Amino acid sequence: MLQFILRRIGISALVMLVASAVLYFATINSGDPLEDLRESNADNRQQLIDARVENMNLDMPWWQRYMTWVAGAGRCLVLDCDLGMTRDGANVNTMLLDAAGASLRLVTIATVLAIVIGITLGILSAIRQYSGFDYAVTFTAFLFFSLPVFWAAVLLKEYGAIRFNRWMGDPTMSLVTIIVIAIVFGIILAAVLGGGLRRQVITFLVTTLVVGGIVGYFDAVNWWHRPALGLPLVIVGGLAALAFMLVMTVGLANRRIMYAGLVVVGLGVVSYFATQPIMDEPANWFVLIGLALLAGAVGAAVGWFMGGYERRVGMIVGAGTALGMGFLIFMDQLLSAWSGFLARTPGRQIATIGERRLDPNRVDLPFYENIYNWGIQLILPTIVLTVISIASYSRYTRASMLETINQDYIRTARSKGLSDRVVYTKHALRNALIPITTIVAFDFAGLLGGAVITETIFGWRGLGAMFSAGLNTVDPNPVMAYFLVAGGAAVIMNMLADIAYAFLDPRIRR
């Protein structure tokens, strides 16, 4: 494996070197970097031209300029990059750090969401092949896959930002709107849970009544301006997390694991009150990460001591339930800070331009309000990138699962009396994920390229903006900095995909 990885690194380095030479040559020959100054009537025009020639090394032949860039980029291997300056004398290293932080935050969140949602939909669609749910997922996937990115982004700006901001001025819902929302949720949940007609009708009616009651209550108490989960919803969410973990592992019949999970939920209720002094205003993210690790460790310990012969599974269920409870407690605190953020941004909670709503250098924001400051601007561009990727993930996962569940070893597993849950999660899914890892590797790098359009529409000062500015001004250094991040991401993700192959299929290790 070590020899294979080293060989892949060498091949990838050669590919990046050739690609960088082609891109550099194409960029510097796409126009005249001095065109605007040649047409200028400024008195110091010649001084400006001389300064730009010096900043861009225009007095050198193109290959020497390229080798200068390669030498500076090669220093990244020792964590001392020198990517040069822009035509105006700005340091590209500094620009890249700021731009990469914004873009990678956006692309990483979009990729994680697309993987989780897309693979889940693909699995359910394959299990319920030719059902109404399967047809709905297939139609939606083709619809999202065909959407032009720029068109979807413009629509989200209109309805997700401009009209949402207007609605937040007086956030009330009519009875018809509440009924429509409840019916939509009822249809979706009935389709997901499946079963016979009687079961689907009961699921639809119960879901519709529950969702309609919750939304109506929220509207009556003006929850949209002063949201919070509260202890009851935290408990319900913790029980839902426990049920999900049980269904995905040992099922609901294992009493030992179920009781261990209920103990974890009870400890979560205690921690809801015990951690209030820390959670009200944590010093930084490391405090929350430490609490999450502690919660997972406690949950795993409970599962170990109460799991009996299924201790390993008990640890998984306990840790998953504890992390779910911890996330709900965090969300309760985050939602409670929404009213304070509303007071700072009257009439325009979601801005259509920029990656932050308020400048943290000018406004001393509390911890949770600062999350809204940069997090709320992530919502719209993340949705754009996520829905496009969900379509491909769901289709590839469905096809891979259908191919896997028709194999002989799946029939053998069923003939031994294993439940459908065990067959699908422990036997079929692991093998079905092997081709998906390739899609994930390419999709991450592809999203960095697609983010150029998304960032331009939403006014993000990320890698896309830096890349576009470099092309428009015939300045190769910003363009090459973008290439360094995008190409490096592609190489690293493909390397991780190769390692994931060996983890998913032990035969590949040989």
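Arg421 is partly exposed, with a relative accessible area of 21%. Here buried means under 20% relative accessible area, exposed over 50%, and partly exposed in between, for a 1.4 Å probe and protein chains only. The model is predicted: local features need pLDDT of at least 70, side-chain atom pairs count only at pLDDT 80 or more, and totals for chains, interfaces and linings use all residues. Residues are numbered from 1 along each chain as its sequence is written, and side-chain values use heavy atoms, with hydrogens and water left out.

Arg421 lies in helix H19. Helices (H or I, at least four residues) are DSSP runs, numbered from the N terminus. Leaving aside residues up to four places away in sequence, Arg421 touches Val247, Met248, Thr249, Val250, Gly251 and Lys426. Contact means heavy atoms within 4.5 Å. Arg421 and Ala432 are eleven residues apart in sequence; their C-alpha atoms are 15 Å apart.

The largest nonpolar core holds 91 residues. Such a core is a set of buried Ala, Val, Leu, Ile, Met, Phe, Trp, Tyr and Cys residues joined through side-chain atoms within 4.5 Å. Tyr368, Met401 and Leu463 touch the most other members. Helix H19 (residues 420–458) gives the largest share of this core, 15 residues. Tyr368 touches Met279, Asp280, Pro282, Phe330, Gln333, Leu334 and Ala337, again not counting residues up to four places away in sequence. Another core, of eight residues, lies apart from the largest one; among its members are Leu242, Leu246, Ile257 and Met258.

Helices H1 (residues 2–28) and H4 (residues 62–74) pack at an angle of about 130°, with axes 11 Å apart. Axes are lines fitted to C-alpha atoms, for helices over the stretch in contact, and angles run from 0 to 180 degrees between N-to-C directions. H1 and H4 are therefore oblique to each other. Angles under 35 degrees count as roughly parallel, over 145 as roughly antiparallel, 65 to 115 as roughly perpendicular, and the rest as oblique. From H1, Leu17, Ser20, Ala21, Tyr24, Phe25 and Ile28 meet Trp62, Arg65, Tyr66, Trp69 and Val70 of H4. The residues of this contact divide into nine nonpolar, one polar and one charged. Ala, Val, Leu, Ile, Met, Phe, Trp, Tyr, Cys and Pro count as nonpolar, Asp, Glu, Lys and Arg as charged, and the others, Gly among them, as polar.

Arg166 lies in helix H7 (residues 149–169). Arg166 is exposed, with a relative accessible area of 62%. Arg166 and Phe4 are 162 residues apart in sequence and 57 Å apart in space, C-alpha to C-alpha.

Definitions and conventions
Helices (H or I, at least four residues) and strands (E, at least two) are DSSP runs, numbered from the N terminus.
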